[in-house]
Amino acid sequence: MVLKIQEEKTFVKKIQTGAKPVTEVAGNIVYDTRNLNLWYGDHHGLKDVNLGIYENEVTAIIGPSGCGKSTYLKTLNRMVELVPIVRTSGEILYRERNILDKDYTVEELRTRVGMVFQKPNPFPKSIYDNIAYGPRIHGIKNKKILDEIVEKSLRGAAIWDEVKDRLNQNAYGLSGGQQQRICIARCLAVEPDVILMDEPTSALDPISTLKVEELVQELKKDYSIVIVTHNMQQAARISDRTAFFLSGEVIEYDKTDVIFQTPADQRTEDYISGRFG
Amino acid sequence: MRYIDETAVMKRMTKRITFNKVWKALFFLATIFALITLAILLFRIVTQGIGYLNIDFLTNFASRFADKAGIKAALVGSLWLMGVVAPVSIILGVGTALYLEEYAKKNRINDFIRMNISNLAGVPSIVFGLLGLTIFVRMMELGKSILAAGFTMSLLILPVIIVAAQEAIRAVPSEQREASYGMGATKWQTILRVVLPAAIPGILTGSILALSRAIGETAPLVVLGIPVILQFLPDGLLSQFTALPMQIYDWAKRPQEAFQYVASAGILVLMTVLLLMNSIAIFIRNKFQKRY
């Protein structure tokens with residue numbers, strides 16, 4: 001058993017070689033979660049979560065099913081409120097303002113914090129209208145500006161070359177991987193500060209997954225990214241920091257290479273070496 | 001030790017397969033029974049009515065003489081009626097459905113409202129007629145007008161439209177709404193740009209089917225006291241009018257045999273209108289339905 005763990009660790013090391021070294025100096029903090037508790041009715045979904053998310057980094061959240069990782073992500077843009085029985089306590093400071101405050105409007109928050117979902121969910125509209133959706137709801141009507149936003153966003157999501165000749169076709173005609181990149185482009189069109197990704201590659205084939213992962217690496221130059229994933233190799237490949245959640249608690253949160261090579265907690269080690277989860 | 005004895009299984013096999021065939025035949029007969037009855041009815045009406053069905057029948061007013069009797073006043077009256085019922089019931093129905101599905105919190109009061117809207121759809125139409133008579137004809141003093149009858153019919157089909165619209169709205173995947181909210185859209189923007197475009201085919205289909213019920217409904221009109229024999233066309237919403245089912249009812253209860261044929265011709269006109277409306281509903285559903 002011990003040998004197996006050793007092997008796993010060398011594997012993790014192997015896939016990390018070639019990745020950029022993590023910058024030692026922590027950048028500005030974007031999200032500061034303090035003593036966050038969350039209940040679904042009687043179920044205590046998140047327990048005393050304390051977590052800092054840094055600018056221009058990819059923060060991965062890993063953990064077994066039902067550990068609260070998606071719930072935490074959805075709290076960051078208050079999407080969790082769509083479930084009516086949810087209660088929260090504690091605070092989440094986004095750029096130093098508590099987003100759980102009653103007077104923080106969700107529309108404002110979600111304009112700055114974009115989200116990419118597990119299942120690609122383009123609108124049954126043309127590719128162009130999908131991308132222009134965000135700018136339009138924020139009041140941009142000028143066709144020329146919209147054209148520019150659409151091109152810039154599609155380029156940003158590395159899908160411009162694939163769709164530039166069929167912007168007026170329905171986005172549902174695209175493959176799953178392309179649809180997901182359309183969703184990323186649609187999110188970029190609002191020019192967010194943070195992008196939340198909820199298992200964005202779990203419905204995709206390996207090649208599309210690779211494309212999305214490369215894209216995430218590219219995007220972190222301009223955005224701060226929080227990504228929930230059930231794929232530990234993915235977390236190891238693309239993230240700068242990793243938080244390990246278990247039963248609603250943050251067991252360990254550190255630089256990704258620390259988590260994957262020298263985890264402090266036995267449970268983290270057990271999880272990343274595949275002994276449960 | 002095996003629990004399943006193969007020879008016993010094989011023995012039962014023939015019996016099971018026969019049973020399967022028997023049930024299939026029974027269900028087929030059930031289907032055929034309804035279809036044959038309908039076919040006989042249609043055949044009778046067509047053979048009786050077709051002789052009276054011509055341009056004169058469509059352009060003449062009612063008459064004491066069977067061969068001069070026409071359906072003009074009733075046909076135009078029914079169209080006027082639809083002109084009131086369609087906007088009133090669709091606007092109120094879709095508004096209610098949107099409120100219940102998108103805005104209303106899930107609590108006991110709203111659950112109670114939801115449940116009772118479905119119950120309301122089962123209330124006999126004559127009760128709605130009495131309601132219309134009290135409120136619209138007497139209290140609001142609209143008289144036996146198109147407006148009073150239109151409001152009454154709207155109330156009658158409102159539950160059906162609400163339920164249809166609720167189902168169409170519920171069928172829009174929640175991922176679609178989340179995508180919109182995720183970009184900072186308000187609820188109203190999400191409804192207007194995501195929910196309604198996806199739900200409109202379903203809403204329209206349900207509404208048109210409900211309207212075709214309203215156009216054939218007789219009992220509320222009888223209770224409201226809508227006249228039958230009119231020699232003029234309505235000239236406004238407060239004008240008196242008559243409607244297709246009233247006219248047919250009147251002809252069918254006359255003693256002269258010739259009027260039975262006239263009634264059949266009237267039924268043919270009504271059914272043509274109904275089929276036309278239902279075809280529009282099917283066309284809309286097939287053409288605009290979105291798949292996810």
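Residues are numbered from 1 along each chain as its sequence is written, while chains are lettered from A and ligands numbered from 1 in the order in which they are written. Because the model is predicted, local features need pLDDT of at least 70 and side-chain atom pairs count only at pLDDT 80 or more, whereas totals for chains, interfaces and linings use all residues.

Confidence comes first. The model scores ipTM 0.85 and pTM 0.82. Where pLDDT is low, the predicted coordinates should not be read in detail. Chain B has an average pLDDT of 90, and 99% of the residues score at least 70. Among the elements of chain B, the lowest mean pLDDT, 82, belongs to helix 2 (residues 55-59), and the highest, 95, to helix 7 (residues 174-182). Helices (H or I, at least four residues) and strands (E, at least two) are DSSP runs, numbered from the N terminus.

Chain A carries the UniProt annotation "domain: ABC transporter" (unreviewed entry) over residues 31-272. UniProt positions are given in the numbering used here, feature names are shortened, and annotations may be inferred rather than shown by experiment. That span of chain A is 38% helix and 27% strand, with its end C-alpha atoms 25 Å apart.

Within chain A, helix 4 and helix 7 (residues 176-188) pack at an angle of about 35°, their axes 7 Å apart. Axes are lines fitted to C-alpha atoms, for helices over the stretch in contact, and angles run from 0 to 180 degrees between N-to-C directions. From helix 4 of chain A, Ile127(A), Asn130(A), Ile131(A), Tyr133(A) and Gly134(A) meet Ile182(A), Ala185(A) and Arg186(A) of helix 7 of chain A. By class, this contact has five nonpolar, two polar and one charged residues. Ala, Val, Leu, Ile, Met, Phe, Trp, Tyr, Cys and Pro count as nonpolar, Asp, Glu, Lys and Arg as charged, and the others, Gly among them, as polar.

Helix 4 of chain A also takes part in the meeting of the two chains. There, 18 residues of chain A are in contact with 17 residues of chain B. On the chain A side, two or more residues each come from helix 3 (106-112), strand 6 (113-116) and helix 4 (127-137). The chain A residues on this side are nine nonpolar, six polar and three charged.

Chain B is assigned domain 1 (6-52) and domain 2 (57-288), with bounds that come from an automatic or database domain assignment. The centres of these domains, taken over C-alpha atoms, are separated by 34 Å. Six residues from domain 1 of chain B and eight residues from domain 2 of chain B form their contact.

UniProt places "domain: ABC transmembrane type-1" (unreviewed entry) at residues 75-280 of chain B. This span is 78% helix and 0% strand. Transmembrane regions in the UniProt record (unreviewed entry) include residues 146-169 and 190-212 of chain B. Residues 146-169 of chain B are 100% helix, with end C-alpha atoms 31 Å apart.

Definitions and conventions:
Two residues are in contact if their C-beta atoms, placed from the backbone, lie within 7 Å. pLDDT is the predictor's confidence in each residue, from 0 to 100.
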